[in-house]
Amino acid sequence: MKKLAITTLALAGALCAGAAQAQVMIDMRAVTCADFLAMPPADAVLTSAWLSGWFNQKIGSTTIDLNGFAKNVESVSKWCGSYPKETVMSGLQRALAPK
């Protein structure tokens with residue numbers, strides 16, 4: 001039993017160490033449209049969710065419209081296709097600017 005507990009703790013420690021090394025930090029101010037469009041789908045979804053939260057906080061919205069979210073992601077992707085060197089954040093900031 002003691003051997004099983006030690007083996008289990010060793011395995012858990014190895015898994016935790018591996019998970020810690022997999023952590024990625026992204027400076028969202030530096031993400032260009034080309035970077036965004038080149039992301040693997042799972043990363044693009046997470047990034048889009050973060051951007052949506054940032055954008056909605058800026059306009060004071062506390063609701064989630066999943067259909068609207070999908071349309072917004074499509075719009076950002078389309079815009080990014082035309083401006084690959086621009087940062088995604090600069091595009092969103094322009095969208096927030098008073099007209």
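The model is predicted, so local features require pLDDT of at least 70 and side-chain atom pairs count only at pLDDT 80 or more, whereas totals for chains, interfaces and linings use all residues. Residues are numbered from 1 along each chain as its sequence is written, and side-chain values use heavy atoms, with hydrogens and water left out.

**Overall architecture**

The chain has 5 helices and 0 strands, and its elements run α-α-α-α-α from the N terminus. Helices (H or I, at least four residues) and strands (E, at least two) are DSSP runs, numbered from the N terminus. Of the 99 residues in the chain, 18% are buried; buried means under 20% relative accessible area, exposed over 50%, and partly exposed in between, with a 1.4 Å probe and protein chains only. The chain exposes about 7700 Å², of which carbon and sulfur atoms supply 64%. Accessible areas come from the Shrake-Rupley method with a 1.4 Å probe, and for residues only the protein chains shown count as cover. Among contacts (heavy atoms within 4.5 Å) with a separation of 6 or more, 67% are between residues 24 or more positions apart.

The link of Cys33 and Cys80 is left-handed, with -50° about the S-S bond. It joins distant parts of the chain, since Cys33 is in helix α2 (residues 33-38) and Cys80 in helix α4, 47 residues apart. Cys33 is buried, at a relative accessible area of 0%, and Cys80 is likewise buried, at 0%.

Lys85 is found in the loop between α4 and α5. Lys85 is exposed, with a relative accessible area of 80%. The C-alpha atoms of Lys85 and Ala34 are separated by 6.5 Å, although these residues are 51 residues apart along the chain.

**Pockets**

On a 1 Å grid over the protein atoms alone, a pocket is an open set of points where a 1.4 Å probe fits, with protein on both sides within 12 Å along at least five of seven lines; lining residues have an atom within 4 Å of a point. Grid points are joined across faces, edges and corners, and a volume is the space filled by probe spheres set on the points.

| Largest | about 320 Å³ | Phe55, Asn72, Ser75, Val76 and Leu92 |

In the largest pocket, α3 (41-59), α4 (66-82) and α5 (88-96) are the elements that give two or more residues to the lining. The greatest contribution to this lining comes from α4, with 7 residues. The lining of the largest pocket comprises 11 nonpolar, 5 polar and 1 charged residues. Here Ala, Val, Leu, Ile, Met, Phe, Trp, Tyr, Cys and Pro count as nonpolar, Asp, Glu, Lys and Arg as charged, and the others, Gly among them, as polar.

For the second largest pocket, α3 and α4 each supply at least two lining residues. The lining of the second largest pocket divides into 4 nonpolar, 8 polar and 1 charged residues.

Notes. A disulfide is a pair of cysteine sulfur atoms within 2.5 Å.
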